[in-house]
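Here are my notes on the model you sent over. Have a look at the structure first, then go through the points with it open.

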Amino acid sequence: MATSEVATSGTQNVQQLPHHKVKVKKPGQRACNEKNEKGKFCGGHLKLWSYMTDAVERECGDVEKAWGKSAEVYRCEHCKTLYLPAPGETKVNVAGQGMISVFGLTLPPKAK
């Protein structure tokens, strides 16, 4: 495998950036699955990253050059690995889809 490519989800290749490791999130993934030098999972939370306001990233500029100013990019809070959204995920929600009520109740809004 070339150093500029990473195999993720079996068949996808992701463009690597010079100063960042890049992966693709699996559907519903909320925690980092990067392994450290001892082979243990990082497990840090993936958070939507506002790279346009990050001072360190503004100096480097890799993400903006590669994906533009308004790309949806997640970053691990511990190891700083970048994650692109999973193919097919259209809703931007850092916490994930959440649970659907088992009761099926829909409450009307409060009257003012």
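1. Rings of Phe, Tyr and Trp (the six-membered ring for Trp) pair if their centres lie within 6.5 Å; planes under 30 degrees apart count as stacked, over 60 as edge-to-face and the rest as tilted. On that basis the structure holds one aromatic pair. Tryptophan 49 and tyrosine 51 form it, in a tilted arrangement, with 5.9 Å from centre to centre and 55° between the planes. Both residues are buried (under 20% relative accessible area; exposed is over 50%, partly exposed in between, with a 1.4 Å probe and protein chains only).

2. Some ground rules. This is a predicted model, in which local features need pLDDT of at least 70 and side-chain atom pairs count only at pLDDT 80 or more, while totals for chains, interfaces and linings use all residues. Residues are numbered from 1 along each chain as its sequence is written, and side-chain values use heavy atoms, with hydrogens and water left out.

3. Now the sheet. Four strands make an open sheet in the order 3-6-5-4, with mixed pairing. Strands here are DSSP runs of E, at least two residues, numbered from the N terminus, and two of them pair if DSSP finds at least two bridges between them. Strand 3 (22-24) and strand 4 (46-48) are at the edges with a single partner strand each, so one side of each has no neighbour in the sheet.

4. Tyrosine 74 stands opposite tyrosine 83 in strand 6. Lysine 25 lies over the face of tyrosine 74, 4.0 Å from the ring centre; the rule asks for NZ of Lys or CZ of Arg within 6 Å of the ring centre and within 35 degrees of the ring normal.

5. Lysine 47 belongs to strand 4 and is partly exposed, at 43% relative accessibility. Its side chain makes a polar contact with the side chain of glutamate 77, at 3.4 Å (N or O atoms within 3.5 Å, one able to donate a hydrogen and the other to accept it; residues adjacent in sequence count only if both atoms are side-chain atoms).

6. How many disulfides are there? The count is zero, with a disulfide taken as two cysteine sulfur atoms within 2.5 Å. For cysteine 42, the nearest cysteine sulfur is that of cysteine 76, 3.5 Å away. The sulfur of cysteine 79 is 3.6 Å from its closest cysteine sulfur, in cysteine 32, too far for a bond.
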